[in-house]
Structures are given as C-alpha cells and as structure tokens.
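User: I am new to reading protein models. Please take me through this one by question and answer.

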Amino acid sequence: MSQSYDRGTVEDFGRWRSFSAGMWAWIFHKFTGWVLIGYLFTHIAVLSTATTGPEVYETTIQGLESLAVVRLLEVGLLAVAVFHILNGVRLLMVDLGVGLEAQDKSFYASLIITGAITVASVPTFLSGVF
C-alpha cells in the first residue's frame, strides 16, 4: 500500500523558495511557450486586417506602432522569444547529453543573455514613440 502525503487544508505556497534552477527553467519555459501561443493569435488577428485591403492594414499597423504600450509589449515579446529559444537549445543539449553537469549554469547564462539582448534592443523598439 502506498503512503499518502497529508498537505493539510491549505497548500504551502512558500515552497517556491526551495525550487532549484531546473524547476525555474521549466516554469519559465512553459510560461514563455504559452505567451508565444497567445501572441500567435494576436498576430493572426492583426494580419487578418490585410484581407480587407492594404489601406486598412497600413492604418492598423501605424496605429499600433504609435502606441508606447505596444512598443513595450514588443520588447517583452522579444525577451520571451529569446529566452524560449535559448532555453530550448539548452534543453536540446541536455537531451543529447552535453552539459549535464552544468544545467543550472546554462540556465543562468540563458537568463543573462536574454537580459543583455533585451536591454540592448530597447532603444530600437522605443525610437520614435517618446
């Protein structure tokens, strides 16, 4: 007979402090994947305005690009995409048996590279808005 663990009536939400780098990598990878799926639907909705005519599409794009919040969301999208790509490459290497002993270091490296690329791109994304 298997043992069961009695968690009580309230879940311990403070246990996130004991998560390892691998758990955080898994959480961030899942989160960024869902964000990218959500963006895909938004992207398709914006592109669908092209079916009504090029003028409508150009007006939609110009209207969105003039909003500062959209530009900030684009910076966030870049960060999400870069992290998801880098973490995916890290996972591929782990699956191939490369870098098994340095998984946490490669996760932290992917976070640092994502941050550097995102910060370096901010002036490009925000030019012309402010």
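User: Is Val 35 buried, exposed or partly exposed?
Analyst: Buried means under 20% relative accessible area, exposed over 50%, and partly exposed in between (1.4 Å probe, protein chains only). Val 35 has a relative accessible area of 29%, so Val 35 is partly exposed.

User: What kind of model is this, and how are residues numbered?
Analyst: This is a predicted model, where local features need pLDDT of at least 70, side-chain atom pairs count only at pLDDT 80 or more, and totals for chains, interfaces and linings use all residues. Side-chain values use heavy atoms, without hydrogens and water, and residues are numbered from 1 along each chain as its sequence is written.

User: Which helix holds Val 35?
Analyst: Helices are DSSP runs (H or I, at least four residues), numbered from the N terminus. For Val 35, that run is helix α1.

User: How far apart are the C-alpha atoms of Val 35 and Ser 18?
Analyst: Along the chain, Val 35 and Ser 18 are 17 residues apart.

User: Which residue forms a salt bridge with Glu 65?
Analyst: Side chains of opposite charge can pair when their charged atoms come close. A salt bridge is a side-chain nitrogen of Lys or Arg within 4 Å of a carboxyl oxygen of Asp or Glu. For Glu 65, the closest N and O atoms are 2.9 Å apart, and the partner is Arg 71.

User: Which element gives the largest share of the lining of the largest pocket?
Analyst: A pocket is an open set of points on a 1 Å grid over the protein atoms alone, where a 1.4 Å probe fits, with protein on both sides within 12 Å along at least five of seven lines; lining residues have an atom within 4 Å of a point. The largest pocket has 15 lining residues, and Thr 42 is among those nearest its centre. Two or more lining residues come from each of α1 (21-47), α2 (54-65) and α3. The largest share, 6 residues, comes from α1.

User: Is Thr 42 buried, exposed or partly exposed?
Analyst: Thr 42 is in helix α1. Its relative accessible area is 45%, so Thr 42 is partly exposed.

User: How far apart are the C-alpha atoms of Thr 42 and Met 93?
Analyst: Met 93 lies in helix α3 (residues 68-95). Thr 42 and Met 93 are 51 residues apart along the chain, and their C-alpha atoms are separated by 32 Å.
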